[in-house]
Amino acid sequence: MTAADVAQQLDAFVTKTVTPEPREGNAPTRIAETEFGMLNAIGLANPGRASFLRETLPQIARIVERPVWVSVGGFCARDYAETCEQLARDDVAAIELNLSCPNVDEAPESAAEIVAACREVVAKPLYAKLSPHSWDLAQTVRAVESAGADGISLVNTLRGVALDARLRPVLARTAGGYSGPALKPVALAAVHAARTATDLPIVGMGGVRSGRDALELIACGATHVALGTVLFADPDAPLRVRRELADAAMQAGHASPESAFGAAHEPVARLAN
Ligand SMILES: Cc1cc2nc3c(=O)[nH]c(=O)nc-3n(C[C@H](O)[C@H](O)[C@H](O)COP(=O)(O)O)c2cc1C
């Protein structure tokens with residue numbers, strides 16, 4: 001299966017995060033499998049925005065033939081804003097601000113400051129991708145919405161460590177971002193909390209492998225669902241998940257996935273005995 005075949009199954013394609021300067025990323029080993037998910041410490045490897053805009057983006061647009069969302073990273077609000085300024089072009093459908101990479105050391109300014117700086121310079125839809133590590137996610141969501149975000153993406157990975165047989169870290173950087181099945185309850189909690197704070201669109205992700213997983217994110221308040229780790233093992237997953245979604249809704253007592261939206265926010269009826 002080619003990258004184009006995978007892309008044909010999608011409503012939209014989100015790029016890997018692009019930063020102002022090229023980055024080699026972290027030293028290998030950068031990926032580790034664990035029992036319930038995977039760890040990655042890629043460290044935002046990317047060709048840098050000049051080369052990305054000149055070569056990578058047109059290439060992606062040609063291959064995927066789907067709306068392309070560009071993920072933007074940086075180390076201060078100006079980094080993000082300068083990249084956003086350059087994304088006002090036809091081959092960019094939306095911008096996702098990666099405010100949550102666990103694999104780089106530099107502490108960025110607050111999420112809201114970065115969103116505000118980008119909002120000033122770009123009219124494209126702006127999504128704020130947040131970390132599940134946030135101590136008060138609802139407050140962060142309200143802050144980025146006030147700063148001008150058009151949507152929220154949740155969740156990025158959680159920080160984790162894997163040890164080898166001799167008890168040394170598998171990843172050269174020791175810790176990496178933990179993704180895959182174990183992340184699903186964390187993602188559900190984050191999307192649920194975010195939905196209590198905003199009516200903006202929410203892209204839910206974290207451990208989705210089946211239509212039921214996607215439905216659970218929708219029930220918590222996601223308007224879109226994204227797939228990550230599952231694609232390593234099953235590049236056909238987008239089509240399969242989409243196919244399973246309607247059945248999963250029926251099995252949960254809903255006529256359609258749309259009618260399950262927000263179901264996890266309904267008060268639980270307690271049966272008196
Ligand atoms: C190998 C790998 C690379 C990733 N790179 C990025 C990235 O560049 N920017 C970003 O915002 N998230 C990145 N992520 C995080 C995913 O987009 C997603 O938020 C996370 O993995 C949870 O979803 P999943 O469990 O379906 O993978 C990466 C994840 C993996 C596994």
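1. Two residues are taken to be in contact if their C-beta atoms, placed from the backbone, lie within 7 Å. The model is predicted, so local features need pLDDT of at least 70 and side-chain atom pairs count only at pLDDT 80 or more, while totals for chains, interfaces and linings use all residues. Residues are numbered from 1 along each chain as its sequence is written. Helices (H or I, at least four residues) and strands (E, at least two) are DSSP runs, numbered from the N terminus.

2. Helix α4 spans residues 111-121, and its buried residues are A111, A112, I114, V115, A117 and C118. Buried here means that 20 or more other C-beta atoms lie within 10 Å of the residue's own, with C-beta atoms placed from the backbone. The cover over these α4 residues includes α3 (77-85), β5 (94-98), β6 (126-129) and α5 (137-146).

3. Seven strands make an open sheet with parallel pairing, in the order β1-β4-β5-β6-β7-β10-β11. Strands pair if DSSP finds at least two bridges between them. The edges are β1 (13-14) and β11 (224-225); each has a single partner strand, so one side of each lacks a neighbour in the sheet. Two bridges link β1 to β4 (residues 68-72) in the parallel sense, and F13 has V68 as its bridge partner in β4.

4. An open sheet of four strands is antiparallel in its pairing and runs β2-β3-β9-β8. At its edges stand β2 (31-33) and β8 (158-161), each with a single partner strand, so one side of each has no neighbour in the sheet. Neighbouring strands are turned by 40° against each other on average, direction ignored; axes are lines fitted to C-alpha atoms, for helices over the stretch in contact, and angles run from 0 to 180 degrees between N-to-C directions. β8 and β9 (residues 175-179) run antiparallel and are joined by four bridges; the partner of L158 in β9 is Y178.

5. Helices α6 (residues 184-197) and α7 (residues 211-220) have axes that come within 8 Å and cross at roughly 25°. This makes α6 roughly parallel to α7 (angles under 35 degrees). K184, A187, L188, V191, H192 and R195 of α6 meet D213, E216, L217 and C220 of α7. The contact comprises five nonpolar, one polar and four charged residues. Ala, Val, Leu, Ile, Met, Phe, Trp, Tyr, Cys and Pro count as nonpolar, Asp, Glu, Lys and Arg as charged, and the others, Gly among them, as polar.

6. The ligand is surrounded by 20 residues, the closest being T17, N98, S179, G228 and T229; a residue is near a molecule if its C-beta atom, placed from the backbone, lies within 6 Å of it. The shell divides into six nonpolar, 12 polar and two charged residues.

Note on methods:
Angles under 35 degrees count as roughly parallel, over 145 as roughly antiparallel, 65 to 115 as roughly perpendicular and the rest as oblique. A residue is buried if 20 or more other C-beta atoms lie within 10 Å of its own, exposed if 12 or fewer, and partly exposed in between; C-beta atoms are placed from the backbone.
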